[in-house]
Amino acid sequence: MGLTIGICKVSWPRSTKTARIVCILLFSLILHGEHPLSKESVTVTFVDPEWSHDLTEHTVVADDRLKDFTQETGIGVKHLPTPETTLDQLDLVRKLLRQGSSTPDVSGVDVIWPGVLSEELMDLKPYLATELSSINADVAASYTVKGKLVAAPYHSDIGVLFYRRDLLRRYGYATPPRTWDELEQMAARIQKGERARGQKDFWGFLWPGAAGEGLTCNALEWQVSEGGGRIIEADGNISVNNPDAIRSWQRAAHWIGWISPPFVTSLQEWDAINDFYHRGTSAFYRGWARTYLLSVRDIPSVRDTIAITSIPAGKNAQAATLGGFGLGLSRSSRHSAEALHLIRFLIHREIEIEEARADYESRNWPELYDPTAILRAKRSSAETGKQQVSGVVARPSTVAGEKYEEVSRAYIQAVHSVLLGQSRAPEAAASLERELVRITGFKTGPPSRNRVPTQKSLGRVSGARPAAASTTASAHDSLK
Ligand code: GLC
């Protein structure tokens, strides 16, 4: 293992702790500017799965940020996009990182990829001690494999329910739905009413049901909320074949053709959000908080009519899937000092932007920061009578490690076949269980009833510093 500092490759034997420490010190000195980085024209490549995520002009801002970096440091950045879906992105990033010679220096790393890419990426822990102290431990753990920080947490995200404020008002609802039962009732009633008003193609509830990672995120929320566990539990038990998970898939299948259009089973996330935002023919949509926060300020139709709230609760819990991206540094990078410089720069800049955004939001949308909105949300969830937990759930990527992609593909295939009516849920769950045993070698067991971390404890849903300026999706609830 070694690092390239400028043009000189410094290697250390694994056992030589002192050499390691000297390297880290050297590195820190360089990064703190005591030995200015060479202004020779080094260009680092940054492959960025989030490149197209921003629905607003902010993509330009991101490029401005990279220009600022170049101006400040003299280091150029080649900013490269990736394909649209998570599984295709992983294929590409893995291929690029493994090809060795012209590997990208910095890669965006989806929160579920660290186990798959841990061999290709450097341990960033020794270099980011200060930053790590302000990053939520649960988020940092998602990027850690066997003690190694495979990527620096950059943007965190959680699943949320988008809803049309104008329509809720039209049908006399003071608050968005808190449970799946309420969502079904409200979606069905609004759909019926809107169709009667002439919108024949109106549907109550839109969600990305294509066979992709987005479906894993959605279906995990359905089943955790009903007590159906996390597919594979943190202790390594494969729990997916249980009656609560099965019922939650059946419930979703029943939505199709009732409150959700038949074409949901082919909607990827970007198709779904575009349909919800721009066609405006549905009342509710399951998406990501960050998408909303990036678009609400700049797309007037979104600002005027759309809000977000927590994913509805089932009989056991309210659960939102943890998403987001970190920044990883390739082990074969020939410019690792410069690449690390870029990672730190982006993380620090993100913190500043988050602060500015929080300030802007609190001035312009005081209700986002209204603690009573959070209290109202908590109260109404307590009123459903059952003992509920509210929180964020991680996909089983840490426990599945390098096998996560196979696990997720098998899960997607099983749930999708139930949604399409090609298999019955009990059989699909039983055969998925066998498949997961084959893939992982783990044993089967019951779902764990462990508490999921609360959204509040994860803090802000986007940004490099989730511990600061805490807010939750529920805080965005108030109907104007
Ligand atoms: C979002 C999330 C990411 C997730 C993907 C699924 O981009 O940030 O973690 O894997 O959606 O499509």
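1. The charged end of R195 sits over the ring of W203, 4.5 Å from its centre. A charge counts as over a ring if NZ of Lys or CZ of Arg is within 6 Å of the ring centre and within 35 degrees of the ring normal. R286 places its charged end over the ring of W288, again 4.5 Å from the centre.

2. On the basis of the values: this is a predicted model, in which local features need pLDDT of at least 70 and side-chain atom pairs count only at pLDDT 80 or more, while totals for chains, interfaces and linings use all residues. Residues are numbered from 1 along each chain as its sequence is written, and side-chain values use heavy atoms, with hydrogens and water left out.

3. The structure holds 15 aromatic pairs (ring centres of Phe, Tyr and Trp, the last by its six-membered ring, within 6.5 Å; planes under 30 degrees apart are stacked, over 60 edge-to-face, the rest tilted). The rings of F162 and Y292 have centres 5.8 Å apart and planes at 90°, so the pair is edge-to-face. F162 lies in strand 8 and Y292 in helix 12, so the pair ties together parts 130 residues apart in sequence. Helices (H or I, at least four residues) and strands (E, at least two) are DSSP runs, numbered from the N terminus. Both F162 and Y292 are buried (under 20% relative accessible area; exposed is over 50%, partly exposed in between; 1.4 Å probe, protein chains only). Ring pairs link F162, F276, Y277, Y285 and Y292 into a cluster.

4. The W180 and W255 rings have centres 5.4 Å apart and planes at 40°, so this pair is tilted. W180 is buried at 3% relative accessibility, and W255 at 1%.

5. Helix 11 (residues 269-279) has W270, A272, I273, D275, F276 and Y277 as its buried residues. G280, with a positive phi near 65°, follows helix 11.

6. Strand 5 (residues 106-110) is mostly covered, with 5 of its 5 residues buried. V106, G108 and D110 point one way, S107 and V109 the other. Strand 5 pairs with strand 3 (residues 43-47) in the parallel sense over 2 bridges, and V47 stands opposite S107. Pairing requires at least two DSSP bridges between the strands. Strand 12 (residues 317-329) runs antiparallel to strand 5, joined by 5 bridges; the partner of V106 there is L329.

7. R290 is in helix 12 and counts as buried at 11% relative accessibility. R290 and V160 are 130 residues apart in sequence and 9.4 Å apart in space, C-alpha to C-alpha.
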